[in-house]
Amino acid sequence: MFSKPRKPEPGPGLRGRRTERDTLDALIQGARSGNSSVLVLRGEAGIGKSALLDYLGRAATGCRVLRVAGVESEMELAFAGLHQLCAPFLPKIDDLPAPQRDALGTALGLRAGRPPDPFLVGLAGLSLLSAAAEEQPVICLIDDAQWLDAASAQTIAFVARRLAAESVVLAFAARRTDDELWAGLPQLTVHGLTDTHAAALLDWAVHGPLEERVRDRILAETRGNPLALLEMPRWFSRTELTFGLEMGATPTLTSRMEEGFRRQLETLPDHTRRLLLVAAAEPLGDVGLLWRAAERLGLAYDAATPATRAGLVELRDKVGFRHPLVRSVTYRSASVSERQAAHQALAEATDPGVDPDRHAWHRAHAAARPDEAVAAELENSAGRAQAQSGLAAAAAFLERAAMLTPDKADRSERQLNAAQAMLHAGTFDAASNLLTVAEHGPLDDLQQARVDVLRARIGFASNRGTEALPLLLEAARRLEPLDIRLALDSYVDALTATFFAGRLASKPGVLGVAIAARKAPMSLRPRRGDMLLQAVATLLTDGYSAAAPLLKVAVATFDSDQLSLEEGVRFLWLAATVAADLWDEHAWDRLAARHLDIIRAAGALSALPLALNTRVFVDLFNGNLTTASTLLDEITAVEQASETRLTPYGAIGLAAFRGNEEQAIPLFDATMTDANARGEGIAVSLVQWARAMLFNGLGRYPEALEAVRVAATYPEEMAVSNWGTVELIEAAARAGEPGTAADAVEQLTRLSRASGTNWALGVAARSAAQLRHGSAAEDLYRRAIDRLERTSVRFELARARLLYGEWLRRSNRRTEAREQLRIAYESLAAMGADAFAERARRELAATGDSVRKQTATTPQKLTAQELHIARLAADGLTNPEIGAELFISPRTVEWHLRKVFAKLGIAARRHLRDALRAGAPSAHG
């Protein structure tokens, strides 16, 4: 028999922490039972977060305990924290699927390769933890999470949001309460001890009588902070404790604790303080590296003795400070020259061939004056960081390189490059601040124009309204005589801004931007971006029919695997939108997928939400509503990890396709208010289209017509205008306004002829059929179905069958109507397009046939994720393959499949396809 694990003694610093300890004990119990959990401990410095993590580690008997600590001086080194987490498992990295293995290996600098997809890196970390947990539960303790480097923090947060059934616990300790990166994860705020427990802890720490007034003052000043109470005897002499403390000069508790540690450090010999400073500046805790650096400073081994006796540091397998505040106080209390000497010793002790980035970083901190050699080394490190998707790290290296650059012009250039990296990384405030600094240096005309472009792009990325449009246009004009290529690229940025501003664009307006772009000189050998620029400008000035040939050529040039990173980041979104405007679903699919891959690989968080939202709409029209829903979860995670906030385009689209009025209308209303306030015309039109689709699905055609009357009249709002026209025709035809519908059909027919795709011709035929009678209507419906069957837009095909079936029923051809309506119903229900599916079900009932309406209480009802996993498993994908597709671990896939089998009443994967086909289960939740 196994004995029940004993709970560790709480220790003096955990007095009164019964609730917190019970919470932590439950995490351990859950992991032993096969479940995963996450907890973020929040609170001020010294409040007991680290002590609670230590308790969790001691309580995890029989589990594998991993410890990671964020270090302030290491925040700029990409994936440094992830390296700590994954280091024990790196011998098993070759067991990962090849894409995950290569991505993680490149991110951690273990192998050369292309910039890794950050989501593959996250999945690799999840897979390593999951595999390790098959042997024993894994408990990850992450202290000072606020000091993790950005790339590691984003990756670990990604892992945390995807844990389910892996027997893994992730416990974070973080000071800040406003860090959105951890938003949405389970939180536990750690407060100060109660007066009773605080008094008992103080008595335990003082070991002797204390004058009552002084005792009360200490309790009042420390506010139950355990570290302050425990360290008080170390900070102050017996005389001070007896006769009173002069504590009023330091304004915060944290600063008082820092002052206490500073006093302890001042009692140490000079050579001990110097050794501690080297340890504080070396974030890896590498004892061998510490002693190699100490040797260069002439420090002997006995220099550590006073510090270890005082309990400030432990030197065993790794360097460990008693508390993170000891490390930070040690570093901050040293003089500039002392820090430089410590970093110089660490640079000399670090092999530049093995760890070039830390070598460069220490050299940079050791430099007493500008040094081009060091700046160039940092610039090389920035290139490596960018290759590892560490845009934030690249920006930090470039910013530091600029500070150390002697030549003023070169310094400005590096500052601009750093600001651009910050823009892509989604740190807009930092980028703006750096541009302000750059403007104080001598800038030539080209550099000043680049500043203007970057400011406008930052404004556009952070707020898709109208403010950025005139700034981008003016910057493009200024660039024409200076750098025509950068000018043309800036005109593309301005046209992209016009798409978002749409009907609400400020002066010079959409037409003014297009005219200026067309007047710009073109090179003899136009680039892809130049061709895209001219095609879109022609669309806005001359109309769809005139521009269609140019648009098709532009799309074809981007439909290539040979795109550079800059082309992908800057132009692919617009190229994919043009493909959608052309009704070319295959090119749209490929370009949207390629754009998403490039953005992920580059780690460009500022552009990732937009790329994901575009991909959502591809999946919606293809009938993959469950996949679209999982992408929305990813968008939320990305926005929590960056300063990017985007209109919830994908969520609006999904709400329209699903047809749940109760969920959709509040979202539509809130978006409409926000979009009008910011001048984001495309969002206004999208909401109007979404309302129309919602009400068309619900069969409330007058409301649909009222919602969409205006949305179809703004061709500059590409694709959305086309979709609005389709909904307008159906709503007007059913609401008794055939004239309105006829005008829209004429417009749609012209577009479809210019496009020439099966999607465009099929939807145009379906729309025209609604205004015809007899054989003319039937021919058009059959033509629409024939065209749409050749496409991947399954949702459009299902709607064509629904409309044809309704027409057949009204023509009293019930048997034929049942055939079309049943196919439409099964397809729409399987997609999760509930409103249109219900409309088809009602029409079937009107023919005398009926199908059982599926409800959330039906045993076959699966969640969105369960349905997606079931379909992938039915298609023959293995658990690791499904996990890679959905960014979850294989064990979580297995856990979901067990629930799917129970709900569907089957026992094996081979029965999935028949069970899904028989029940046509739709997703909920």
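Predicted model: local features only at pLDDT ≥ 70, side-chain atom pairs only at ≥ 80, totals over all residues.
Figure 1. Sorted by class, the lining of the second largest cavity comprises 15 nonpolar and three polar residues, with no charged residues.

**Figure 2. The protein chain as a whole, as a setting for the close-up views.** The secondary structure of the protein chain comes to 46 helices and nine strands, and 58% of its 925 residues are buried. Among the contacts in the protein chain with a separation of 6 or more, 70% are accounted for by residues 24 or more positions apart. The accessible surface of the protein chain comes to about 36400 Å², and 51% of that surface belongs to carbon and sulfur atoms.

**Figure 3. Strand β1 and the strands with which it pairs.** Strand β1 covers residues 37-42, and because six of these six residues are buried, the strand is largely enclosed by the rest of the structure. In a regular strand the side chains alternate between the two faces of the sheet. In β1 both faces are covered, with Ser37, Leu39 and Leu41 buried on one side and Val38, Val40 and Arg42 buried on the other. Strand β4 (residues 168-174) pairs with β1 in the parallel sense over six bridges, and within this pairing the bridge partner of Val40 is Phe172 in β4. Strand β5 (residues 187-189) also pairs with β1 in the parallel sense, here over three bridges, and Leu188 in β5 stands opposite Leu41.

**Figure 4. Helix α6 and the elements that cover it.** Helix α6 spans residues 150-160, and nine of its 11 residues are buried, so the helix is largely enclosed by the rest of the structure. The buried residues of α6 are Ala151, Ser152, Ala153, Thr155, Ile156, Ala157, Phe158, Val159 and Ala160. An α-helix has 3.6 residues a turn, so residues three or four places apart point the same way. The cover over the buried residues of α6 includes the strands β1, β3 (138-143) and β4, together with the helices α3 (80-86) and α5 (118-133).

Figure 5. Most residues other than glycine have a negative phi. Ser167, which is not a glycine, has a positive phi near 60 degrees, and this residue is found in the loop between α6 and β4. With a relative accessible area of 6%, Ser167 counts as buried, because buried means under 20%.

**Figure 6. Asn812, an exposed loop residue with a positive phi.** Asn812 is likewise a residue other than glycine, and its phi is positive, at about 65 degrees. The loop that holds Asn812 runs between α40 (794-810) and α41 (814-831). The relative accessibility of Asn812 is 60%, and because exposed means over 50%, Asn812 counts as exposed.

Technical notes. Residues numbered from 1 in each chain as written. Heavy atoms only, no water. Nonpolar A, V, L, I, M, F, W, Y, C, P; charged D, E, K, R; others polar. Buried < 20%, exposed > 50% of the residue type's maximum accessible area, 1.4 Å probe, protein only. Helix = DSSP H or I, 4+ residues; strand = E, 2+ residues; numbered from the N terminus. Pairing = 2+ DSSP bridges. Contact = heavy atoms within 4.5 Å. Areas by Shrake-Rupley, 256 points an atom, 1.4 Å probe, with all protein chains shown as cover.
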